[in-house]
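Please take a look at the model first.

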Amino acid sequence: MIYDHHTHTTFSHGKGSIEDNVKVAVEKGLKSIAITDHGPGHLTYGIDRDKVKAMRDEIERLKLVYPQIEILLGVEANTLRVAPYIDLTEDEKKELDIVLAGYHFGILRAGMIPNYISNHTGLFSGEDSSLRVENTAMILNALYENDIAILTHPGDKGPFDIEDIAKACADTNTMIEINAKHKHLTIDEIKLAAKYDVKFVIGSDAHVSSKVGSFEEPLMRALQAGLDPERIVNIEKI
Ligand SMILES: [Zn+2]
Ligand SMILES: [Zn+2]
């Protein structure tokens, strides 16, 4: 793996510090890591807006200690059904080096209750269900209204139209993630997304530092889906 741009720390609900994550990334020979704690709209895990400055200061300090690796400050924003469709303001986005976004529970104005029910019972998940239509519209709006580098774990926690989402990712130059912690994209979803000219990225989504740089399982999923590994931008053959 060349870089891991999806990792969490104690600034949301990860177990390690920023430095713990950076250390593992250096040990694994990564060229770049992003610290991407959960967006501030999350009711229980969201970053405290007041701590972003402390995160930036810590990253500036670590850049001097570990000059061999690029360290980015990012956020894994939460998608919303209402404008601006993610839980970051324009000013907050300017403070970050990279913005990821994904759908999560624990967010207001994001259809949590029907998605929670759907996820646990299979209800409302049909091809043309209004929940699928609304969820997909939420993601498309988030992609077109914001400059999102990586769409995290698409298909997780509710019904989504992966083909429409992959098309929009290709159109907005957003990478679509194969996530090491979540089962989405699934093998079938990778096959659907691969029909479009979209770039794939593996994200460890590490919540403990030892998982930073983990890529084996998502790579296996990609290979089982018949995806050309050349289309995964952050792994290289050695
Ligand atoms: Zn996530
Ligand atoms: Zn995450």
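Is Ile117 buried, partly exposed or exposed? Ile117 is partly exposed, at a relative accessible area of 34%; buried means under 20%, exposed over 50% and partly exposed in between, with a 1.4 Å probe and protein chains only.

This is a predicted model, in which local features need pLDDT of at least 70, side-chain atom pairs count only at pLDDT 80 or more, and totals for chains, interfaces and linings use all residues. Residues are numbered from 1 along each chain as its sequence is written, chains are lettered from A and ligands numbered from 1 in the order in which they are written, and side-chain values use heavy atoms, leaving out hydrogens and water.

Ile117 sits in helix H4 (residues 112-121), helices being DSSP runs of at least four residues and strands of at least two, numbered from the N terminus.

Now to the metal. His6 (NE2), His8 (NE2), Glu76 (OE) and Asp205 (OD) coordinate the zinc ion (ligand 2) at 2.1 to 2.2 Å; donors are N, O and S atoms within 2.8 Å of the metal (3.2 Å for Na, K and Ca), and sites may look incomplete as water is not among the atoms. Glu76 also bridges to the zinc ion (ligand 1), 3.3 Å from the zinc ion (ligand 2). His8 lies in the loop between strand E1 (3-4) and helix H1 (18-27) and Asp205 in the loop between strand E7 (200-203) and helix H8 (216-224), so this pair ties together parts 197 residues apart in sequence.

| Residue | Relative accessible area | State |
|---|---|---|
| His8 | 0% | buried |
| Asp205 | 1% | buried |
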